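Visitor: I would like to learn how to read a protein model. Please take me through it.

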Amino acid sequence: MADFDVDLFVIGGGSGGVRAARIAAGHGARVMVAEEYRMGGTCVIRGCVPKKLFVMGSHVSREIEDAAGFGWNIPTASFDWPTLIANKDKEIARLEAAYTANVEKSGARIVKTRAVLEDAHSVRLLATGEMVRARYILIATGGAPNHGAMIPGIEHVISSNEVFHLPELPRRIVIQGGGYIALEFACIFAGFGSDVTVIYRGDNILRGFDDDVRDHVRAEMEKDGISVLTGCTVTKVDRHRDEYTTHLSNGSSVASDKVMFAIGRHPSVANLGLEKAGVAINPRSGGIAVDHSSRSSVENIYAIGDVTHRYNLTPVAIREGHAFADSVFGHRKVQVDHSNIPTAVFSQPEVGMVGLTEAQAREQFSRVDIYKTTFRPIKSTMSGRDTRVLMKLVVDGSSDCVLGCHIVGDNAAEIIQAVAIAIKMKATKADFDATLALHPTAAEELVTMRTPTARHVREAAE
Ligand SMILES: Cc1cc2nc3c(=O)[nH]c(=O)nc-3n(C[C@H](O)[C@H](O)[C@H](O)COP(=O)(O)OP(=O)(O)OC[C@H]3O[C@@H](n4cnc5c(N)ncnc54)[C@H](O)[C@@H]3O)c2cc1C
C-alpha cells in the first residue's frame, strides 16, 4: 500500500463524491477529492437547492392572489429579481462552505482542480500537473445539460446552468423540453409573471410518469396561462437585439426575451482519460458501465451518481456513494436497492410519485386495480382558484399490494415521501384502508378510496 499516495481518489465534489469521501475517511482511508468548479456539485450549486428556492419565491404570487378570498387586502405587490438572485447566491455560498468544511472535518483533502485518469491507479491534477497514485478511484463527475442538435442560433439558447444567473427576469420565455426541469422552470417563470411557452417534441409532457398525472399537470399548467405546444421541436433561433424568434418544426414561431432548452442531461465522461484506464462506457446509456456494487470494468475503479446515468437524483447519488465507501473501506458489503425511488416534480401544482405507473403495472401484473380521485382542494373553495388535486393508487389485484402512488397537488412531494415508506414495506390496500384518516387534509383521500375506479384483468395465455 505504501506504493499509493492515497487510498481513495474521488473525482467530483458533488452529492455522491462528497458522501463517499466523508464516509471513506471516517473508515480511516486517506482520501483526496478533486472538484473543478464548486464543492456541492449540481444539486447544491445549480440544481435542486437553488431551484427549490426559486419555486418557493414564485409561489408567493399565488399566495397573494389566493389571499383575497380569505379577506386580505394586499396593496399591489412588486417583485425584484436581482434581490432573489443575490439572496439565493448567498445561501448557495453558505452551503458550499458547509460542504467544504464537512469534507475537511472528515479528514479528506480537497483539491480545487480538474482531475483526469492517466491509468488505472494514477490521476493527474490539471491545475498543477501533479500525478497522484490511488489504490481506489471513484468517478463521481455527474452530468451536464444536453443542447441536442446544433440548430442555427443554438448559441442564443441558455440551459439550467445559466438560468440561475439571469441579470433580469424575462418578460417572455420559451422553454424546450417536457421533463421535470423544463416544467419546473416553466412554472417558476409563470409564477413570477412571465409569459411562458413550453415546446415538446412528444405528444405529452412528463414522459415516464403515469398518464393521468401527465394529462392532469398539463391541464393545470394551461389553466395557469402556460402555453404547452407538443409534437414539435425548435428548428432555429433568431436574435434581433434583445428579442428572440424561436422557429418551430410545425412552421410557426414564438417571440420571447429568453430561450431555454432543458431536453436532457448527459453523463460527464468526456476527456476524463477513461480509455487510458480501461473504463468501459455503457453503450445504451452513455454513462460509465457499472455492476450492482458500482464497480466499473476496472477492478479498483468505481463510479456513482449521474455519471453512471442510472437514476439521476441526488438521494440516489448519495446512497450509492455511501454504499461504495462502506463496502470498500468499512468491510460491510452494501448494495443499493434502486426499487421504489420516490420522485417529485416541483411544478405548479406539484407532482409526487413512487412505484409503478398504471401502464407499467398492467404490463407486469395480470390483475391491476386502480383507485383514483380528483377533487377541489379545500383552500380553493375560499381562494376561488380553479385547480384540482389528483390522487391515484395502483394495486396488485391478486396480492392487494400497493404498487404505485401518484399525487398532483399542493405538498405532493412531502406526502409521497411518507407514502414511499409504506410502499417500500409492501403495504397492502387493506393496510391503507385500516389507517385512520387525518382530517381535514388532502392526503386523507389515500386512505378513504374504497372502490376501484378501474379493474384490469389479463386473461392467462393459452
Ligand atoms: C436544474 C436541476 C434540478 C434538479 N433537481 C433535483 C431535485 O429536485 N431532486 C433531485 O433528487 N435531483 C435533482 N437534480 C439532479 C441532481 O442535481 C443530481 O442527480 C445530483 O447532483 C447528482 O450528483 P452527482 O454526485 O452524481 O454529480 P454532481 O452533483 O453533478 O457532481 C459532480 C461534480 O463533479 C465535478 N467534476 C466533473 N468532472 C470533473 C473532473 N474531471 N475533475 C474534477 N471535478 C469534476 C463537477 O464540477 C461537479 O461538481 C436536479 C438537477 C438539475 C440540473
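Visitor: How many helices and strands does the protein have?

Guide: Helices (H or I, at least four residues) and strands (E, at least two) are DSSP runs, numbered from the N terminus. Here there are twelve helices and 22 strands. This is a predicted model, in which local features need pLDDT of at least 70 and side-chain atom pairs pLDDT 80 or more, while totals for chains, interfaces and linings use all residues. Residues are numbered from 1 along each chain, and side-chain values use heavy atoms, without hydrogens and water.

Visitor: What does the radius of gyration say about the protein?

Guide: The radius is taken over C-alpha atoms, and the globule rule is 2.2 Å times the number of residues to the power 0.38. For 462 residues a compact globule would have a radius near 23 Å, so the 24 Å of the protein agrees. Its C-alpha atoms fill a box of roughly 70 × 65 × 50 Å along the principal axes.

Visitor: What share of the residues is buried?

Guide: Buried means under 20% relative accessible area, exposed over 50%, and partly exposed in between (1.4 Å probe, protein chains only). In the protein, 49% of the 462 residues are buried.

Visitor: Is cysteine 401 buried or exposed?

Guide: Cysteine 401 counts as buried because its relative accessibility is 17%. Cysteine 48, at 32%, is partly exposed.

Visitor: How many disulfides are there?

Guide: A disulfide is a covalent bond between the sulfur atoms of two cysteines. The rule used is a pair of cysteine sulfur atoms within 2.5 Å. By this rule the protein has zero disulfides. For cysteine 401, the nearest cysteine sulfur is that of cysteine 405, 13 Å away.
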